[in-house]
Amino acid sequence: MDFSLDDEQRAIRDTARAFIRKEVVPLEHELLRRERAGQPGIERSELRELQLKARKFGFWGLATPAEHGGMDLPALMQSLIWTEVGHTLVPFRFGGEADNILFHADSAQQDEYLRPTIEGERVSCFAITEPGAGSDAANIKLSARQDGDDWILNGEKTFITNGNDADFAIVVAVTDKDKGVRGGGTTAFLVDREMGWRSEFIATMGPGGPASLVFDDVRVPSRNILGELGQGFELGMKWIGKGRYIIPSHALGIGERALQMAVDYANTRVTFGKPIGENQAIQWMIADAETELEAARWLVLRAAWTVDQGMDPRHSSSMAKLYGAGMINRLVDRVMQIHGGMGYTRELPIERWYRQVRLLRIYEGTDEMQRLIISRDLLRGYTKIGGHLA
Ligand SMILES: Cc1cc2nc3c(=O)[nH]c(=O)nc-3n(C[C@H](O)[C@H](O)[C@H](O)COP(=O)(O)OP(=O)(O)OC[C@H]3O[C@@H](n4cnc5c(N)ncnc54)[C@H](O)[C@@H]3O)c2cc1C
């Protein structure tokens, strides 16, 4: 069994690493200063500039097929790069990307939505959650009623990332109540903001915030159906599935950076005449953090590998998301503890991570939903204990 990277994987990973450390990490000081002053840490235009700079290094569209100008990297490689991205607290991501389900667009939709999104000219958001349907996504009520060659959308979506900035939304709506959500009764629509939906920012404990979207008789032409009529829920689950190994991949990067800060601090902060790292209490926190970080790494890489093997990745991705999200919360908590009062200040990134990583246990499937999936798979015999080696 070979746990190492091949030369090509290492070269790509190292180039991403060099870019993040040279071009993005130096912006953190200013980001923290602006946020302390109550301003946005980084402007969209500044992020865009970084993405275009990365494009010159060849980093454009990690998951985007080559025919659309992307790198079309295997999931494992994407995971490794997202870990590098996690090293910076700047909310950076490489450009040239689009929601995975937007690739279901037909050729007219590709011109109007997909390509401009890849190029960064248009901003999308994905909306399935509603005030009465979060974990229980199959309980969505936002309705789409056919009227001639149009559909009329009514209802509300909530907690939508980018909902306040997006100029179009991918909205999963109920098109046939009788068929039910799992029986082909939902459809995904591409809905421009100009078609009439409104958004309201929701303040959260993390940096930035999602929005609620209100649809009040919003008229959408049939040509804006994404994929097939009746395929909405399926596309929604596909969108969510991708995040389940990318989210913990990103968390690994945060964990590596934060743990290194703790190690450095433990070696230099002196109390009672010796570095705090000489105390067993501190050593144990470091040991537990490193052990859990490594455990999460192999769960994440196995989930990504499962995608690349063309196997059903749901079980392994749920384990990676569940464990990775919990791990990073415990790790950042320990790193804050090791830094004492300094960890609690806004001079260092730790308190920001502390707020930011809490979300990981909630969105794109709560801890409880991941546990539900993992246990159900075993209880119903869909998967074997021991995974692919069983
Ligand atoms: C910042 C942020 C960004 C988001 N971005 C998006 C987005 O871009 N698009 C989108 O569509 N959605 C988005 N979401 C929504 C997110 O996916 C949901 O908040 C999440 O799925 C949980 O749903 P809920 O908030 O309705 O909680 P609920 O489903 O009401 O759950 C409340 C609690 O009960 C638990 N629970 C529920 N059912 C069970 C059960 N059967 N057994 C045990 N425990 C249970 C849950 O785990 C949770 O702890 C975002 C949320 C946030 C906070």
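Predicted model: local features only at pLDDT ≥ 70, side-chain atom pairs only at ≥ 80, totals over all residues.
Local features here need pLDDT of at least 70, side-chain atom pairs count only at pLDDT 80 or more, and totals for chains, interfaces and linings use all residues. Residues are numbered from 1 along each chain as its sequence is written, and side-chain values use heavy atoms, with hydrogens and water left out.

**Stop 1: the ligand shell**

Select the ligand and the residues around it. The shell holds 17 residues, where near means a heavy atom within 4 Å. Thr 129, Ser 135, Phe 159, Thr 366 and Glu 368 come nearest. Colour the shell by class: ten residues are nonpolar, five polar and two charged. Nonpolar covers Ala, Val, Leu, Ile, Met, Phe, Trp, Tyr, Cys and Pro; charged covers Asp, Glu, Lys and Arg; the others, Gly among them, are polar.

**Stop 2**

Now show the backbone of Phe 126, Ile 128 and Phe 159. A backbone N or O atom of Phe 126 sits 2.9 Å from a ligand nitrogen. For Ile 128, a polar backbone atom is 2.9 Å from a ligand oxygen. At Phe 159, a backbone N or O atom is 2.8 Å from a nitrogen of the ligand. On its own the ligand has 980 Å² of accessible area, and the protein covers 64% of that (Shrake-Rupley method, 1.4 Å probe; for residues, only the protein chains shown count as cover). Two or more shell residues come from each of β1 (124-127), β3 (150-160) and α10 (367-379). Helices are DSSP runs of H or I with at least four residues, strands runs of E with at least two, numbered from the N terminus.

**Stop 3**

Is Phe 159 buried or exposed? Phe 159 counts as exposed, at 53% relative accessibility (buried is under 20%, exposed over 50%, partly exposed in between; 1.4 Å probe, protein chains only). Then pick Glu 364, in the loop between α9 (350-358) and α10. Glu 364 is not a glycine either, yet has a positive phi of about 50°.

**Stop 4: helix α9**

Select Tyr 354 in helix α9. Tyr 354 is partly exposed, at 36% relative accessibility.

**Stop 5**

Finish at Met 1, in the segment before α1 (7-24). Met 1 is exposed, with a relative accessible area of 80%.

How values were computed:
Polar contact = N/O pair within 3.5 Å; in protein donor to acceptor, adjacent residues only side chain to side chain.
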